[in-house]
Amino acid sequence: ARLAAAGVDAAARELQAATAAGKKGVSLTYVGPNAAVHRLCKQVITPELNSAVGELLPRIKAFQDRAMAKNAIKAAARRWYVCGLREVRKAVKLRKALSVVVAPNIEQMDAVGGLDDHLQSIIDMCAEQDVP
């Protein structure tokens, strides 16, 4: 958690510096070399943050899997880790989401009611609820 917080602080400082310097067209995300970044991606992803999230998500999934093995009924009532736009949207809408992680290099779909619209609605709900 401390590593993730340090990565977020460093990323915020980097974003502020880039914004203050007025850099245009500079990719502020780190998803690997030559990666296409989705237009809705506004966060700064540093290698440190990428590593911290990469370690955190499997741990949370392992905790949930262990809880399911112990008592599936209780674990199903309190899910710590959900995947997929529908499940994430439902968790955010019900105010059960504490944090949302979205891959920055997902495919763009500009069709009405498409992926971009669903993703934008999730981002908007998270912003209203102060969910990172």
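Modeller: The chain averages a pLDDT of 75, and 71% of its residues score at least 70; pLDDT is the predictor's confidence in each residue, from 0 to 100. This is a predicted model, in which local features need pLDDT of at least 70 and side-chain atom pairs count only at pLDDT 80 or more, while totals for chains, interfaces and linings use all residues. Residues are numbered from 1 along each chain as its sequence is written, and side-chain values use heavy atoms, with hydrogens and water left out.

Helices here are DSSP runs of H or I with at least four residues, numbered from the N terminus. Over residues 1–8, pLDDT stays under 50. Where pLDDT is low, the predicted coordinates should not be read in detail.

Within helix 4, the buried residues are Val88, Ala91 and Val92. Seen down the axis of helix 4, these residues fall within an arc of 95°, so they line one face of the helix; the arc is that of the directions from the helix axis to the C-beta atoms. Arg86 and Lys93, on the other side of helix 4, are exposed. Buried means under 20% relative accessible area, exposed means over 50%, and partly exposed lies in between, with a 1.4 Å probe and protein chains only.

Helix 5 is included in what covers the buried residues of helix 4. Val88, Ala91 and Val92 also belong to the largest nonpolar core, which has nine residues, the others being Ala97, Val100, Ile122, Met125, Cys126 and Val131. Helix 4 and helix 5 (115–129) each supply at least two residues of this core. A nonpolar core is a set of buried Ala, Val, Leu, Ile, Met, Phe, Trp, Tyr and Cys residues joined through side-chain atoms within 4.5 Å. In soluble globular proteins, nonpolar side chains tend to be buried together.

Ile122 is in contact with Leu85, Val88, Arg89 and Val100, leaving aside its neighbours within four places in sequence; contact means heavy atoms within 4.5 Å. Cys126 counts as buried because its relative accessibility is 7%.

Helix 4 is followed by Arg95, whose phi is positive, near 60°. Ile106 lies in the loop between helix 4 and helix 5. Ile106 is partly exposed, because its relative accessible area is 25%.
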